[in-house]
Structures are given as C-alpha cells and as structure tokens.
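Let's take a look at one helix and its packing partner, then at some charged pairs. Have the model open as you read.

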Amino acid sequence: MNRKKVCINISIILFTGIVVWLFCAIFQPFESRQPEPEYQGKKLTEWAKEIYLMDFWQLPAYQQHQKQNEQAIIAIQHIGTNALPTTLNLLAAKDSWVRTYLAEWIAHYNDNHWPKHFPIYIKPDWEKNFEGVNIIWALGPVAKPIIPDLIRLLQSQNRQIAETAMMALPGAGTNAIPPLLELLSNPDENVRLRAAIALGDFFRPQMPPDKSGDSLIVNGSENFRSQAGAAVPVLLQSFDNQKLDSVARSRAIHALGLIRENAPTVVPVLIRHIQSETNGIIDYVSRGNYFWALGCYGTNAESAVPILVNLLKSMVESSNKNDFPFVPPLVALQKINPAVAKPFMEKWKVGQTNSTNLSPGKSK
C-alpha cells in the first residue's frame, strides 16, 4: 500500500514538474527580472514595435512611416538608458523548441482560419530581437553602455543572436567602432565577417533630423572611413567561402560599397565576379549587388567602364526593340562615367516611354 502511495506521489511530482517546465518554456515568465519601462502609458516594447527598422536605412524619400517612426523614437529617447536592461534581454532572446513550435503552429493556424484567431499570441524570439535593434538605433550614442554586451553577443555561437547584435551595433554610435576593429582579427571567420559588415552599416543614410535639428541616430562619418577600410580584406576573403549563403554574401558586397575604400583592390575583384558569374548576358536581378557596389566607387572604378559598356552593348543587341532591362549595370556606369553612360541612358528612357505608350488600353 505504501509502495503504491509512493508511486502516486512520484507521478504527481513528475506531472507537476512537466507542467511547470512547459509553462516556463512557453511563456518564459522569468526572462525579465525587472519591470519594463514605460512612456506616456505605453511600454518600451510597444514603442519599439512601431518603428519600421528598414526605414533607418532608407533615404527620406523612401521612408513610408516617417511620422510614426519619429514619434516612437522620441518616446524611446525619453526612456533613455532605463531601456537598456530590457533591450539586452530582447537582443539575447532565444526561444525553446517548445515555444518555437507552438508560436509557429499558432501563426499557421491564424493564417488559415482568419478572422477566427487563436486567442493566445506568443511573440517569437526574432520579433523580440528586432525590437531590441530598433531601441538601440532609436537611442543612438545614448546606448553606449550596452556596446560591450553587443560585442559579446556578436561572438555568440547562435547565429540569430550574433547577427542581431551585428545589426544593432552601428545604431549605438561610433563608440562601437574600436571594438569592432579588434574583432577583425578574431580567429572565428564568422565573427570577423559580422564585424566587417557592421562597420559597413555605419555608412548607411541617416534618418532626417528632428525639430531641434539634431539627428535621430548617428551613422558613420567620413572621419572613420579610412579606419573602416580595415574591414575590406575580411569582406573580400568571404567571397571565396563556398559555405557562405546568399544573404551573408549580399551583406558583404553591400558593406564593400558602403565603405568605399581600397578601390585598386576591390574593383578588380568585383569585375572578376561579374565576369565569371554571368556567362555573357548578365543576370541583372541576382547579380545587381555587384553592380551596386561597383557604382558606389564612382570615378575610382573607371577600370570597370569597358566591361560595363560591353555588357550593355550585348544587352541592347539581344533585347527586343522596346525592351531594355539592364538597370543595374546602367546605374553603375552612370555613377562611374556619366558621359559614357549617356547614350545608353537615352536609349533606356526611350524604351521606358515606348513601354508606357504600349501599355494596356493604349494603341500603337
């Protein structure tokens, strides 16, 4: 009898333990040990969610949510350094497999049974990560105290967390540049590449200034461009990494174009990749990144002009009369040598006009 009671007690304890573990794995009630700061009755993460991250990296003309972004950014700036503990939790958030599976199942269910949604929403870790990045970019140099933590996260073995830190670091201001430069000699090639890409992101466009005239965030300065040039060898070496996926390769190419240093070394490499990966007529969609980076070097990429001209001539000969689908190499040539690009640009404009005239509802 006693033995039966012992078995029952053990079963109850095990069942209770499993329930508690599932509850913690799914809802993670102890992931933040201090209350989340608020401003005007809204929590920090609610403000962060209202920012469209990509607008930080867009020119003003392409920003679709500028007013909403600025309101959220100003709110986060009012919270200031009090936001940093919560932000660090967001940046380092990593869901258990139970929570990940359940979040994906709920999202899939809601997509297929709209408008009857599942009553519980589980915020996935990637969404928390992006909220953390938004907060860092909104705070700008005020986030300086969190830079050592971001450098640590950048070296994480978890790729998602490491790349989240990579995106966040430039938002914390130029104080992050020295530790990133040190990481360029890290023995881990993934860490080196992430540090190099982060250095490139310092030179993305700034958000427009607020009413006081101050920048909402701080991006790279020309004073740091030569320092960031130390990332160029790391970025070029990544091109020979056969295991590098297309997203990482694209980021590396863009970083080269943003840094714009060491043209005598970089431009021939970009030309070589354009020639070796196109087989004559350029695949202008998938290879546009190489042309974009080449164009960023401007007149320093003059040696690429003959290659671009030959490509454009080949496209003209192979295209239909009114079809001129080669914007990436044309834009690159326009930035490098406008005079040489002029006749191609004029033909492209004619093609655009003809395409408009021949659109549905219009006759020849």
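## A covered helix and some salt bridges

Just after helix α15, Gly298 takes a positive phi of about 55°. This is a predicted model, where local features need pLDDT of at least 70, side-chain atom pairs count only at pLDDT 80 or more, and totals for chains, interfaces and linings use all residues. Residues are numbered from 1 along each chain as its sequence is written, and side-chain values use heavy atoms, with hydrogens and water left out.

Helix α15 itself spans residues 288–296, and seven of its nine residues are buried (under 20% relative accessible area, with exposed over 50% and partly exposed in between; 1.4 Å probe, protein chains only). Helices here are DSSP runs (H or I, at least four residues), numbered from the N terminus. Among the buried ones are Tyr290, Phe291 and Leu294.

Now for the charged pairs. The whole structure has six salt bridges (a side-chain nitrogen of Lys or Arg within 4 Å of a carboxyl oxygen of Asp or Glu). Here are three of them:

| Pair | Closest N to O |
|---|---|
| Lys94–Asp125 | 3.8 Å |
| Glu163–Arg251 | 3.1 Å |

Glu163 sits in helix α8 and Arg251 in helix α13, so this pair ties together parts that are 88 residues apart in sequence. Arg159 is also in α8, four residues from Glu163. Glu163 is buried at 16% relative accessibility, while Arg159 is partly exposed at 39%. Arg159, Glu163, Asp245 and Arg251 are linked in a salt-bridge network.

How values were computed: Helices (H or I, at least four residues) and strands (E, at least two) are DSSP runs, numbered from the N terminus.
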